[in-house]
Amino acid sequence: MRLFLMLLGAAIAGGALLFWLWLNAMAGSWNTSNTRSSTHWLTGEAVMYFWLPFAVGIAIAAAAFIWWKRP
């Protein structure tokens, strides 16, 4: 069960990262000017779509790892 929780946490965190990068790539594709769009990491949308799920995934994986060492 602990291994499953560690993999689940890593999948949630990795999925959040990939989803956030995909959203920014889709937003950048709508940019028709010649300026390069950057990935904004410190906005309200970033907190909702990336940082919160990423933190939950890392917390699940870390808790499972810490409890793994417990007898």
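What covers the buried residues of α1? I opened my notebook with that.

**Entry 1: ground rules.** I am working with a predicted model, where local features need pLDDT of at least 70, side-chain atom pairs count only at pLDDT 80 or more, and totals for chains, interfaces and linings use all residues. Residues are numbered from 1 along each chain as its sequence is written, and side-chain values use heavy atoms, with hydrogens and water left out.

**Entry 2: the elements.** I counted 2 helices and 0 strands in the protein. Both kinds are DSSP runs numbered from the N terminus: helices are H or I with at least four residues, strands E with at least two. I then checked the span of α1. Its 28 residues should span 40 Å at 1.5 Å a residue, and the end C-alpha atoms are 40 Å apart, so the two agree. The expected span is 1.5 Å times one less than the number of residues.

**Entry 3: the buried side of α1.** I listed the buried residues of α1: Gly 9, Ala 13, Ala 16, Trp 20 and Asn 24. Buried means under 20% relative accessible area, exposed over 50%, and partly exposed in between, with a 1.4 Å probe and protein chains only. An α-helix has 3.6 residues a turn, so residues three or four places apart point the same way. My opening question has its answer here: the cover of these residues includes α2. Across the protein, 14% of the 71 residues are buried.

**Entry 4: contacts along the chain.** I looked at contacts, meaning heavy atoms within 4.5 Å. Of those with a separation of 6 or more, 72% join residues 24 or more positions apart. I also looked up Trp 67, found in helix α2. The C-alpha atoms of Trp 67 and Arg 2 are 7.8 Å apart, although 65 residues separate them along the chain. Trp 67 counts as partly exposed because its relative accessibility is 46%.

**Entry 5: aromatic rings.** I found 5 aromatic pairs in the structure. Rings of Phe, Tyr and Trp (its six-membered ring) pair if their centres lie within 6.5 Å; planes under 30 degrees apart count as stacked, over 60 as edge-to-face and the rest as tilted. Phe 19, Trp 22 and Tyr 49 form one aromatic cluster.

**Entry 6: the surface.** I finished with Trp 51, which lies in helix α2. Trp 51 has 36% relative accessibility, so it counts as partly exposed.
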